[in-house]
Amino acid sequence: MNADLEKLQETNKTELERRGSIFNIGAPATEAVTTRDQIAVGFGDGTVRFFQSGSDPKTVKAHKGVVLSMTNYEDHVLTGGDDGRFLKISSDGNIEEIFNFGSKWVDCVASHKDTKVCSSGKTVYIWTKNKDKPQTLEHQSTVAGLAFDNKGKRLAVSRYGGVTVWKLNNNKWTASNYTWKGSHGTVTFSPDTKYIVTAMQENQIHGWRINDKADLAMRGYPSKIKSFTWVGDTPYLVTSGSSDAVCWPFDGKEGPMGRKPIVVANGGKELATFVKALNGEKAVFTGFTDGSVLLAEIDESKKPIMIRSSTGAEVSTIAISSDNSQILIGDMKGSILLSSLWADN
Amino acid sequence: MENTSQVPVTVLTGFLGAGKTTLLNRILTEQHGRKYAVIVNEFGEQGIDNDLVVDADEEVFEMNNGCICCTVRGDLIRILSGLMKRADKLDAIIVETTGLADPAPVAQTFFVDQDVADRTKLDAIVTVADAVHLSSQLVDHHEAEEQIAFADVILLNKVELVEDNDIVKVNDRIRKINPFAKIIKTTRCDAPLDEIVGLNAFSLDRVLDIEPDFLESDHDHEHDDDVTSLSFVSDTPLDMDKFQDWFGNLLRTKGQDILRSKGILNFKGEEERYVFQGVHMLMDASPMGPWPKGKNRSSRVVFIGRDLDNMNLKEGFENCKSA
């Protein structure tokens, strides 16, 4: 009977699961980022593990508690933890403590070239090259999201009541406030840097056109939006939070104003929890509450492809290697699938 | 809706100087063999043993959901979601609120935020009260009244400093505000931890334990803004439609003044008992199995709030009786 069950499970596996490797880490995967030739994943046990096809992951014991936030930084990753530490970690296990905030959490991190940024409480700390002491930016409530624009000239900081966009001029940061009632979390600039968008504590996302602060309220979700990603040249902002991947078009003068989103990758009863663009394609990976992952083109007439079957634990992160050859999927139970995206790899 | 993987959260309130820090120190230093996370405001000490101390900012946020009294603790949503990513499972989470804080936003967070409700559950609101100063604090500070009103458990602390007949007076004063809280008299908060943590007081089946019939109090000398309680009992079955109309409208229009409500309901034509409990305008309700054999099928409701005498509660409740 066990053999039958195994057989059944084997036949239910997707092509990517069959040719990939599965690792059971035993702690929730919290964040994943791509470095030059590896994918780094942060976990709820404080470890950062560097995954590479064909070998076992390298484990770095980084934080005491949870890896709350992570971003890439040159060949390293920057991490923030609930042990109050802001760290720079290399894949060979070298850890440099940039700062220790004690019992305050390091909730968010960001980087641009050689600038390292983190937030703890209401303050954002910015370290620039060759300076030991960070610049600090104060906010009225706890910082819940950080994002640089693609030139590193503007830093968006989300918080209760909206977003503060800091602009760098002659080594000085000046603030501009984008206001909308409610609590704002993860924040992103559109690739053309004309818009900023946040995921709110309510079941909606909110955007502003940067030059005139015009509001974009994107509502109608059955749950909170935990993840979004920019897809294609249009571009679309694809979000989780619904039974489909919800794709808002950001082309033209008005972006998604007065337009309906495209919905792809229907998960049936399951809700999307994580979305990730396939670089260079008009397609998105969508992970769901049951652990399954679909790959879909931003085209309602096309059928999605099952990438990973259900594991029973919600998808918490997806990353694609920098050469577009590998995909890594992590879930809240700590199961990791690392697989080649293309059959001939 | 009961989910064993939900981590219980105890909310610890208490007026300044009542002994909350003493209790926190006990929780953090005692060999209780459990793993707790304690969310505090500006707490000087680190956790000893296994426990985890988390600094919070007590940020109260308004929600955009149209409910006018719906404020939540935004920092709590963030911290709880971070704690739920831990590899090791916590046995309980304890949230300290500052002495002047209103407990409602903390409680409401567990009703309003789906992620919080999925992974954690409100276990109980525990209030530490100073037996020496409570009577005067209740007169001077409405926060002290609210902390008593919201409590499931009240530690009446420093009883060694008060004469016996004064303890009876303080006890009666508490009962007038809150008829269903369990009162534990303590010296240096020396109550067993299992009477404070892991009570499941917000579980709907615990509503069945309420026995409010001892509180026929007179309201002669009270001010309109005093927190009081009222309870009603009926052996006549209630009409479900009438009750829903009355109660829904009551919470919508008077929810700001009704701090807590609880009840067991006997509806005409229904085999099962219905129970509900609410915090301001937010309410949880569910059928809770058949009535026990040989016991009276009587409906019981309790309200704790301000200005209750002007809500026509008795008349409203009477009108719900089935013809």
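Chain B contains nine helices and 14 strands, where helices (H or I, at least four residues) and strands (E, at least two) are DSSP runs numbered from the N terminus. The structure is a predicted model, in which local features need pLDDT of at least 70, side-chain atom pairs count only at pLDDT 80 or more, and totals for chains, interfaces and linings use all residues. Residues are numbered from 1 along each chain as its sequence is written, while chains are lettered from A and ligands numbered from 1 in the order in which they are written.

Of the 323 residues in chain B, 45% are buried; a residue is buried if 20 or more other C-beta atoms, placed from the backbone, lie within 10 Å of its own, exposed if 12 or fewer, and partly exposed in between. Two residues are in contact if their C-beta atoms, placed from the backbone, lie within 7 Å. Among contacts in chain B between residues at least 6 apart in sequence, 75% link residues at least 24 apart.

Chain B is assigned domain 1 (7–202) and domain 2 (206–318), with bounds from an automatic or database domain assignment. In chain B, 20 residues of domain 1 contact 20 residues of domain 2. On the domain 1 side, helix H3 (104–112), helix H6 (142–150) and helix H7 (164–177) of chain B each supply at least two residues, and H3(B) gives the most, with five residues. This side comprises 13 nonpolar, three polar and four charged residues; Ala, Val, Leu, Ile, Met, Phe, Trp, Tyr, Cys and Pro count as nonpolar, Asp, Glu, Lys and Arg as charged, and the others, Gly among them, as polar.

The contact between the chains takes 18 residues from chain B and 26 residues from chain A. Strand S3 (52–55), helix H2 (74–83) and helix H4 (114–119) of chain B each give two or more residues to the chain B side, to which H2(B) gives the most, with five residues. The chain B side divides into five nonpolar, five polar and eight charged residues.

In chain A, four strands form an open antiparallel sheet in the order S10-S11-S12-S13, two strands being paired if DSSP finds at least two bridges between them. Strand S10 (108–112) and strand S13 (135–138) of chain A are the edge strands, each pairing on one side only. Neighbouring strands of this sheet are turned by 20° against each other on average, direction ignored; the axes are lines fitted to C-alpha atoms, for helices over the stretch in contact, and angles run from 0 to 180 degrees between N-to-C directions. Strand S12 (residues 123–127) of chain A pairs with S13(A) in the antiparallel sense over four bridges, and A:Val124 has A:Leu137 as its bridge partner in S13(A).
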